Amino acid sequence: MYEMADQSWRNQPRKMSEATVGQLSARIAEHVEAHGLSSIQLILHGGEPLLAGPELIAHTVAAVRQAVGPGVAVGASVQTNGVRLDKAFLRRFDDLGVRVGVSLDGTATGHDRHRRRPDGRGSHSAVVTGLSLLSAEYPHLFGGILCTIDVRNDPVRTYEALLGFQPPAVDFLLPHGNWVHPPPFLPDPAATPYADWLIAIFDRWYGARRQETEIRLFADIIHLLLGGESAGEAVGLAPARMVVIETDGGIEQSDTLKAAYQGAPATGFHVAHDTFDNVLLHPSLVVRQIGERALGGACLTCPVRRVCGGGLYAHRYHGERGFDGPSVFCRDMFHLITYIHHVVGRDVADLLEGRR
Ligand code: SF4
């Protein structure tokens, strides 16, 4: 999976040049050929990817597809804040077969608390306009909704506000945080506010008469509990399968690492002179390829370590031990996983013993 992003804090150009798009496309093609891949995922995000404009987006997707050739499926998508999502963009995405994910934090009150325009106005109404258009007229392009958790918002109301757009999938993201910069609302070391919030939604989602949408975090946890692998990075011990390409062509790790310290995602590699296989030799990438052997501290003996996987890598950062230890959300992760284990395990047992 290749993600393209911008990082304004590094004073990088906000748009990728055509020369860099060419270098990037050649690197992807080289990697695809070296490993005999039949499909790849290309995600354009930011910042805000729609600021690049429809021409550059179309050029980038076309350049990558041309470079890898017709035998390789390029699943292209954009992850947008939705403010600029209009008919012109959606028509273009339809022509290109580009799927669209939109960031929305639930109700107007919950969303506008954090997501504001430069003039201070909340962006909820603009996002709703774009999202409604996507959902009603281009449902085949709708990739899902990304919602960052704020435990001040009512969880079920938040979930039901998202369900109103009939998303095929919802990603609930824990807020940025680590042991140096703790996430909000974790003042009491015995409390589990994030697990409690997510469990309220799990009960609503799992208890529905039909599955109204996929919630990737819950689906991943259930899959892992049953012996499978996770699709994302939030849980599990699957190898990291994604690199980020910045607008200047720098090759980086996941954007989530930005919360650890300035420059944390950097690798020092660049699409102009480094292969993606070279990037795999970077120590931070190596530890994210070796599964359970990379866990440290309390995670090594934790009974849910194969499901939790120490949580999101960025959430483990500690001023003294680096990433060698449990997630700052450890207690929440443990509570959420053991709760889902209990509920699903009870239902499987009931089914096998004829009680359902
Ligand atoms: S629940 Fe805590 S100790 Fe267990 S694997 Fe996750 S972060 Fe590590």
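Biologist: Which residue of β7 does Val170 stand opposite?

Modeller: Val170 stands opposite Ile215. The model is predicted, so local features need pLDDT of at least 70, side-chain atom pairs count only at pLDDT 80 or more, and totals for chains, interfaces and linings use all residues. Residues are numbered from 1 along each chain as its sequence is written.

Biologist: How many bridges join β6 to β7?

Modeller: Strands pair if DSSP finds at least two bridges between them. Strands (E, at least two residues) and helices (H or I, at least four) are DSSP runs, numbered from the N terminus. Two bridges join β6 to β7 (residues 214–215), and these strands run parallel.

Biologist: What joins β5 to β6?

Modeller: Four bridges join β5 (residues 142–148) to β6 (residues 169–173), again in parallel. Val170 in β6 is the bridge partner of Ile145. From β5 the chain passes through helix α6 (residues 155–163) to β6 in a right-handed β-α-β crossover; right-handed means that, with the strands pointing away from the viewer, the path from the first strand over the helix to the second runs clockwise.

Biologist: What is the mean pLDDT of the protein?

Modeller: pLDDT is the predictor's confidence in each residue, from 0 to 100. The mean is 92, and 96% of residues reach 70 or more.
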